[in-house]
Amino acid sequence: MDATFTDDQLTFAEATRAVLTGEVTPDRVRARWSTEDGLDQSLMEQIQSLGLNSVLVPEALGGLGLGQTDFILMAQACGYVALPEPVVEQVTIAAPLLVDAVDRGLGDGRVQTVLDGLQQGTAQIAVGHPINPLINFAHSADWFLLGHGEGLYLVPADEVVIKPLKSMDPSRRIAEVGFDADAAYCLAQGDVGAELWRATLNRGALASAAQLVGLAEAMVEQAVRYTSDREQFGRAVGANQAVKHLLADVAVQLEYAKPVVYRAAYTAEVSPGRADFAVSHAKAAATRAALLASRQCIQAHGAMGYTWECDLQIWVKRAWALAREWGDEGFHKNRIHEWLLRPEALLGPDFTFGRRSITEVPASEEEAA
Amino acid sequence: MDLRYTDEQQRFRLEVREWLEAHVPSAPLPSFDTEQGFEAHRQWERSLAAGNWGMVTWPEAYGGRGCDLIQWLIFEEEYYRAGAPLRVNQNGIFLLGPTLMEYGTEEQKARFIPAMARGDEIWAQGWSEPNAGSDMAAIRCTAIRDGDDYVINGQKIWSTRAVFADWVFGLFRTDPESERHRGLSKILVPLSADGITVRPIAQLNGLPGFAEIFFDDVRVPAFNLLGGEGEGWNIAMATAGFERGLMLRSPARFQQAAKRLVELYRSRRNEVLDASIEEAVLRCYMDAEAYALSTYQTASLLVKGGRIGPEASCNKIFWSELDLLIHETAMKLLGARGEIEPESDQDAAELGSWLDGFLFAQSGPIYAGTNEIQRNIIAERMLGMPRK
């Protein structure tokens, strides 16, 4: 039992955060808002050179063979800087879904080709899970992984119809994407399709949860800075208990959302078939913390918090958007509710880490089962 | 990260489970805030000690098993799962014990720890005074050195378990000229000493769970000074951190309560009209689990030799508000009959101990540093907000 990250994991996360903090500044984010595609090409190239898209791809398929636990702190770092580019989505949603398809021998050699393109930086992939009516950066995608019923389709960009919509978050480029569920593009249907989509939903919710935690961290830091500098009645407004308590409440929710998100990453990695509860808990807890952070940090900024000029809006609006992606709070709470009502649900202090807590079942057998 | 128990940890869990199944009293003990209940709980402490289960993290020489913090969490999980009695000596084993281990002399450890472990000496705590509550540095109770003794005068209040306990530990002003947190010392006092008057204070449930203690020229040997003279504040702060939080309110307590809440909800949900109850039940279950995950994370860090950061100050708010929500929600589920104080076995079977827990939960956000004080600490020490 060890619920901490390794030194390597912490070091990579720290390095990622340092690079991103230097490159993804509020000014450069705002510069993207007035461009057509909303992407910072030089940053995209830099990220490509770091090989991030290969992190979760097995070594046999040309990747680094790492797991969700290795990447979760990096996803959090992407949220911390409110990275507009869909890096986390490529790494933790698109790549693993392509890998799943290759593993099952679906779609001839097409899937491997697309996966290679993703790893080499020559192909952007957008994933359109049925739970998400809107796809971010659809116009920049070369390939789409789309759902129709339980079917999974790999569709080239020139075969889809993109209807762009304007997001409340100016960093996002959302669209509705239509396509013909043509058998030629179908990778999987029925149970296989359903299984792949279920795993994808969990990876998507986990990716959102990690970013929401990072967003909340950054919002609190900004509010602390602002209330430490801004003076009224001859002293910093942050010296007032009423203001302190606004932010302390966010800190508490955030501190207790983090381990939940990390547990979900671990479960999704080692036991994906049983990750529903852990992932839904993570998305619900991270959403709660990030939405509270948005509200309280706007309040702590006073009138400035309600302006376009204040950079806080970059983080706040992303949180409002990500809260809706990959299942909103209602969806995830409903999944937990259903689970809690099941007579066979394992509840109580001896089941924090699932059935493996029961001593009669050695850990190795449980893993095999 | 490896969220699996080792075979050794699994075996330890089984051993704890087997012992508890064989020894936990079949009927709940009367409250330890009654004379009869106090002695029944003392007997339970003795039976734990006889099996070397009194404080598993302590060294074997003091009646423990030298367990690490992960094993401690496993022990607690099994303890609450088994519905074992609350620890009447928690002031001693969770608060004073670790301080003695760190700051006590070998003679002091030999004198106090085994007796504490055996349940022969049950401890009360003596921090607050009428004018020193949240502002603990305002303590005025004096302990003046006189030859080989300290002579204590003054008053303590809100001393938990003091009505039936054997000893009290607390902070006293050993330098009468000193101010604030300087000049305070930690001293151990037998409640049987001449000059001590204990006046019970009834808590919300009508039972004397705490007391006022009056000291009138009470003499204790200088041997009873824990740590250096004038170092009381630092010692108190050192033991007020995470490990104290971990020991005092382990996650299993709330996970077990949340499990019972889910069971109550399953049995009564068809009668529930208030849609917010479903949301509250979910939140209780999730938060109890979040508290456990966070604690495992911190315990793992400590086991690896890491140190706790200021974020640990979040835990008091989290568990106390969780405990309130669990019990408020249970009371809502009980509906009109939740008002009944169970006296018959039939009522007790129907209503359980939710009312007791509900009343006790009111104190959580107040004791051990009010949640308002905790929020100040989080804002200033963890977030770095300005003090003035």
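**Exercise 1.** Work out how many residues of chain A are in contact with chain B, and which elements of chain A take part.

*Solution.* Start with the count: 46 residues of chain A are in contact with 52 of chain B, where contact means that C-beta atoms, placed from the backbone, lie within 7 Å. Next, list the elements of chain A that give two or more residues to that side: α7 (190-229), β9 (235-236), α8 (241-270), α9 (276-300) and α11 (329-341). Helices (H or I, at least four residues) and strands (E, at least two) are DSSP runs, numbered from the N terminus. Of these, α8(A) gives the most, with 13 residues. Finally, sort by class: the side of chain A that touches chain B has 25 nonpolar, 13 polar and eight charged residues. Here Ala, Val, Leu, Ile, Met, Phe, Trp, Tyr, Cys and Pro count as nonpolar, Asp, Glu, Lys and Arg as charged, and the others, Gly among them, as polar.

A quick word on the model: it's predicted, so local features need pLDDT of at least 70 and side-chain atom pairs pLDDT 80 or more, while totals for chains, interfaces and linings use all residues. Residues are numbered from 1 along each chain as its sequence is written, with chains lettered from A and ligands numbered from 1 in the order in which they are written.

**Exercise 2.** Find the strand order in the open sheet of chain A, then its edges.

*Solution.* The order is β2-β6-β5 in chain A, with antiparallel pairing; strands pair if DSSP finds at least two bridges between them. β2 (135-136) and β5 (160-164) of chain A each have a single partner strand, so they stand at the edges. Two bridges join β2(A) to β6 (residues 174-179) of chain A, and Asn136(A) has Ile174(A) as its bridge partner in β6(A).

Conventions:
Contact = placed C-beta atoms within 7 Å.
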